[in-house]
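Please look over the structure shown here before reading on. The report that follows takes up a sheet, a helix and a few points of the backbone.

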Amino acid sequence: MSENQAKQHILIIEDEAKIAELLEKYLYLEGYQTSLIHDGNLVLNAVNELNPDLIILDIMLPGVNGIELCSKIRQTSDVPIIMLTARVEEIDHLIGFDVGADDYVTKPFKPKELMARVKAILKRRRMPTNTRSTFQAGTIVLNPSEHKVLVKDEELKLTINEFSLLKILIASPNKVFSRQDLLTLTQGKYFESYERSIDSHIKNLRKKLTVADPQNHYIESIYGVGYKFKI
Ligand code: CA
C-alpha cells in the first residue's frame, strides 16, 4: 500500500479477547486500520460513526447477537460484512436465512485465509460496476437490473450463483477466467472446497443453457485454467 493511500478501515466486532487481538494483529500487518467493539449494543452507533470499509462480525456477542446486528446494519448500509460462526452447521442456516452477510467463516479459522477473504471482498468492491443495462451474446440476453436471463426469448431460471457467473462470463466474451477470478468476482458465499463449488455451478448453468438452446455451447472449459464464454 502506498504512503498516500488512505488505509482501509476494518471494524472488528468480537467479544473474545484472544480472537480480537489476533484479528487486529493480522489486519495491521496487512496494512489495514482497525477498530474493535466487544459489545453488541454499541455496534450500530459505531458503524454510523466510523463508516468502516468492512466489518468482521462475530455471531455470539453480549447484548445483541450478530445475526440481528447484520440485518440491522443492512437496513442502512451496504458495507461488506464477514460473519464469524462457531459451528459449520450455522453457515447453511445463515445462508438460508439470508441476513445479508458477504461471507461466512467458521471458528477456529486460519488468519491467513480470513485475510484472503477480506482482500477479495474489498477488491470486488473497488471494481467499477458495469452500468450496461443488458448483455447480449448469441441467443442469450442477460439483464442485471431485472435479474433476468432470456434464451431464445424464453426466460431461463437461474440460481443467484449461476446468474452471477453467467453475468461475468457474458460481459467479457472469449476472455478466459480462472476459478479464482470467478470466485473473486461473484458475490460468493463460499466456505469450503472453493473451486469445486464454481465447477458445480458452471455444470448446472451449462445444463440449463443446453436445455434452453441445444444448438449452442457457450461455456467452454479451458483445461487447467478455467472457463470462458465462447461466441
Ligand atoms: Ca463471541
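## The helix across the sheet

In this predicted model, helix H6, which covers residues 160-171, lies across the strands E10, E11 and E12, and its direction makes an angle of about 65 degrees with E12.

## The three-stranded sheet

The strands under discussion form an open sheet of three, ordered E10-E12-E11, and their pairing is antiparallel. Strand E10 (176-178) and strand E11 (219-222) are the edge strands, each of them pairing on one side only. From one strand to the next, the twist averages 30 degrees.

Strand E12, made of residues 226-229, runs antiparallel to E10 and is joined to it by three bridges.

## A cis peptide bond

Most peptide bonds are trans, and most residues other than glycine have a negative phi. The bond between Lys107 and Pro108, however, is a cis peptide bond with an omega of about -5 degrees. Pro108 belongs to the loop that lies between strand E5 (103-106) and helix H5 (111-126).

## Two residues with positive phi

His147, although not a glycine, has a positive phi of about 55 degrees, and its place is in the loop between strand E7 (140-143) and strand E8 (148-151). The relative accessible area of His147 is 43%, so this residue counts as partly exposed.

Lys152 is likewise not a glycine and has a positive phi, here of about 50 degrees. The loop that holds Lys152 lies between E8 and strand E9 (154-155), and with a relative accessible area of 41% Lys152 is partly exposed.

Definitions and conventions: Residues numbered from 1 in each chain as written. Predicted model: local features only at pLDDT ≥ 70, side-chain atom pairs only at ≥ 80, totals over all residues. Heavy atoms only, no water. Pairing = 2+ DSSP bridges. Helix = DSSP H or I, 4+ residues; strand = E, 2+ residues; numbered from the N terminus. Axes fitted to C-alpha atoms, helices over the stretch in contact; angles between N-to-C directions. Contact = heavy atoms within 4.5 Å. Buried < 20%, exposed > 50% of the residue type's maximum accessible area, 1.4 Å probe, protein only.
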